[in-house]
Amino acid sequence: MKFFKKANFRLNEFLAEKAIAAIATTSLVFIFLILIFVFRESIPLVLGYAMEEDNKLSLTALFSNNWIPVSNHPQFGIWPLIIGSIKVTAISLIIAFPIAVLAALYTATLASKRTKEIVKPVIEILAGFPSVVIGFFALMVLATFFQNVFNLRFRLNAFTGGVALSLAVIPIIYTVTEEALNTLPKTMTEASLALGATRWETSLYVLLPAATQGIFAAFLLGLGRSFGETMIVLMATGNAALSSTNIFESVRTMSAAIGAEMAEVVFGDAHYNVLFFIGVLLFIFSFTLNAIAEFFLKQRMMKKFQGGA
Amino acid sequence: MLKKYMKTASVIGLAFAGSLLFVAAAKKTITIKGSDTLVILAQRWAEKYMQSHPEVVIQVTGGGSGTGISALINGTTDFANASREMKKSEFNKLKQRFNTLGNEIKVAKDGITVYVSQSNPVKELSIAQIRAIYLGEVSNWKDLGGPDAPIVVYGRENSSGTYVYFRDNVLGGKDYMSSMQSLPGTAAVVNAIVKDKNGIGYGGAAYAEGIKIVNVKKDDSSPAYAPTLESIKNSQYPIARYLYMYSRAKPTGAMKEYIDWILSAEGQELVTKVGYFPVN
């Protein structure tokens with residue numbers, strides 16, 4: 001009897017363990033399936049049999065300058081979309097990166113405990129802001145504001161979208177950078193101060209360089225978020241597929257194109273395949289960024305555990 | 001212990017699933033999906049109809065004409081609302097999947113309204129002028145009798161039936177200029193024009209509030225008309241279209257009753273209330 005009871009008990013444990021393992025595997029499987037699905041749907045395009053006979057689509061046509069997918073003579077040049085994504089992402093990071101890093105430097109090294117307790121959660125709340133709310137704010141308030149200040153022709157443009165996007169990116173860069181600064185060994189600060197450096201010099205010339213790897217990772221994560229963000233750019237950039245370098249003209253980003261067009265597209269159509277191809281590009285891009293960021297974060301952690309700085 | 005819980009849980013689960021099935025079986029559900037232009041009207045119809053026919057549940061969602069027709073082809077909706085005619089390729093896809101020919105019903109008429117800002121002095125435009133604006137051939141209001149200011153062109157996203165209709169019937173099938181700002185939904189276009197004094201946009205009549213509606217003339221010699229019941233009924237207003245509901249096959253049973261009601265005097269009265277025009 002005793003034996004059976006014991007065996008029974010172990011069976012439960014065994015089952016529970018397996019169940020939890022199964023749940024963990026499920027999420028992995030999902031990611032994997034999504035991946036296969038997205039890649040599969042874009043394959044006809046890559047292999048070149050996506051179009052009906054009358055208008056063939058080659059890869060060179062894919063990187064041409066006109067994005068007119070719904071037309072009597074559809075053109076699927078994704079070049080303007082790539083430029084659009086790059087433009088908006090660059091603007092958002094140029095604004096967000098310095099603000100976020102300096103804010104993190106301030107709360108991690110200079111601010112009093114009380115200030116830190118207020119500033120940090122407030123910035124982190126920004127991370128939880130639904131992007132559609134930020135987009136709405138940009139559409140209604142920011143766009144009008146910038147149009148009046150800069151006397152712009154277009155209300156909705158890459159700049160407005162970039163500024164709105166920076167609101168979403170700041171908390172990400174901030175959180176990771178702050179983390180990187182906080183994990184630096186205390187001895188560094190103490191040594192620097194003992195050598196006669198001021199607190200400001202310690203933060204800027206000792207701690208900030210020491211956290212470079214973490215900050216770089218923060219930058220990459222922010223870049224990934226910015227590149228993949230859909231709702232904010234869809235609402236705030238005007239969505240005209242132009243390949244100009246003027247930041248005050250409208251842009252259509254890769255993610256916005258998918259967001260706006262995927263719902264409507266006829267299944268199995270060339271347009272459908274092209275949208276999936278854009279999805280693949282986005283996926284590869286953010287996957288690479290995340291992998292690199294992860295690599296840098298890991299390396300820093302390893303160093304810390306091994307006692308190096 | 002665990003077993004006991006599992007037993008209880010499964011009993012509750014079964015009961016829950018059973019009750020859901022029961023409810024579903026007792027009520028007939030009709031799903032309708034598609035055109036954003038039609039979505040408000042479709043919801044009004046559904047509300048009114050369900051009041052007098054409690055045994056029918058009607059679910060209405062928007063998303064664009066293309067979305068609705070895709071859903072019809074994929075078998076996930078009973079009716080597709082569309083503000084454009086279904087394309088031949090779409091009929092073919094439907095035939096491939098379900099071996100049915102599709103059924104078209106004209107449920108309302110709509111005038112495509114062209115809006116400008118309230119402060120814009122331009123009162124009327126010809127079709128040729130509107131075409132020139134949207135093809136990028138005219139880019140200053142000065143050339144159209146307005147102030148010396150650049151024209152900011154707004155349009156709909158390419159998933160919208162209005163986008164396709166406007167391109168085929170106003171632009172003569174040519175493509176919009178690439179710097180047109182495309183916005184999701186007529187409401188977004190109207191909103192943009194409210195805030196942009198140099199803007200021009202187009203969309204359904206149902207959304208036109210707080211902006212100026214431009215009178216449209218067929219050519220330079222003909223008189224300009226506002227999109228009114230009268231001018232659209234007499235086909236005087238040059239950019240008017242039908243709004244459609246598509247089903248996979250000729251509707252029967254609850255679906256037929258619903259369509260008949262929509263085309264009845266009671267259903268068509270709602271069309272006028274929402275701001276569109278009856279079919280007859």
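Mentor: Let us begin with Ile118(A), which counts as exposed at 51% relative accessibility. Exposed means over 50% relative accessible area, buried means under 20%, and partly exposed lies in between (1.4 Å probe, protein chains only). Please keep in mind that this is a predicted model, in which local features need pLDDT of at least 70, side-chain atom pairs count only at pLDDT 80 or more, and totals for chains, interfaces and linings use all residues. Residues are numbered from 1 along each chain as its sequence is written, chains are lettered from A and ligands numbered from 1 in the order in which they are written, and side-chain values use heavy atoms, with hydrogens and water left out.

Trainee: Where does Ile118(A) lie?

Mentor: Ile118(A) belongs to helix 4 of chain A, residues 113-127. Helices (H or I, at least four residues) and strands (E, at least two) are DSSP runs, numbered from the N terminus. The C-alpha atom of Ile118(A) is separated by 9.7 Å from that of Thr107(A), 11 residues apart along the chain.

Trainee: And Glu261(A), is that buried or exposed?

Mentor: Glu261(A) is buried, with a relative accessible area of 0%. This residue sits in helix 11 of chain A, residues 254-261.

Trainee: What does Glu261(A) touch?

Mentor: Leaving aside residues up to four places away in sequence, Glu261(A) touches Trp67(A), Pro69(A), Arg252(A), His271(A), Leu275(A) and, from chain B, Asn158(B). Contact here means heavy atoms within 4.5 Å. With Trp67(A) there is also a polar contact between the two side chains, at 3.0 Å. A polar contact is a pair of N or O atoms within 3.5 Å; within protein, one must be able to donate a hydrogen and the other to accept it, and residues adjacent in sequence count only if both atoms are side-chain atoms.

Trainee: What about chain A as a whole? How many helices and strands does it have?

Mentor: Chain A has 12 helices and two strands. Along the sequence, the pattern is α-α-β-β-α-α-α-α-α-α-α-α-α-α. Of its 309 residues, 43% are buried. Among contacts in chain A with a separation of 6 or more, 71% are between residues 24 or more positions apart.

Trainee: How do helix 5 and helix 6 of chain A cross?

Mentor: The axes of helix 5 (residues 131-150) and helix 6 (residues 158-182) of chain A come within 9 Å and cross at roughly 135°. That makes helix 5 of chain A oblique to helix 6 of chain A. The axes are lines fitted to C-alpha atoms, for helices over the stretch in contact, and angles run from 0 to 180 degrees between N-to-C directions. Angles under 35 degrees count as roughly parallel, over 145 as roughly antiparallel, 65 to 115 as roughly perpendicular and the rest as oblique.

Trainee: Which residues meet there?

Mentor: Helix 5 of chain A contributes residues including Phe137(A), Leu142(A) and Phe146(A), while those from helix 6 of chain A include Phe159(A), Val163(A) and Leu167(A). The residues of this contact divide into 12 nonpolar, one polar and no charged. Ala, Val, Leu, Ile, Met, Phe, Trp, Tyr, Cys and Pro count as nonpolar, Asp, Glu, Lys and Arg as charged, and the others, Gly among them, as polar.

Trainee: Turning to chain B, what is it built from?

Mentor: Chain B has 10 helices and 12 strands. Buried residues make up 50% of its 280 residues.

Trainee: Is helix 6 of chain B mostly covered or mostly exposed?

Mentor: Helix 6 of chain B, residues 161-169, is mostly covered, with seven of its nine residues buried. Among them are Tyr163(B), Phe166(B) and Arg167(B). The covering elements include helix 2, helix 3 (65-74) and strand 7 (152-156) of chain B.

Trainee: What caps the N-terminal end of this helix?

Mentor: Ser160(B) does, with a side-chain oxygen 3.1 Å from the backbone nitrogen of Thr162(B).

Trainee: Finally, where is Ser52(B)?

Mentor: Ser52(B) is in helix 2 of chain B, residues 36-52. Ser52(B) is partly exposed, with a relative accessible area of 45%. A polar contact of 3.0 Å joins its side chain to that of His53(B).
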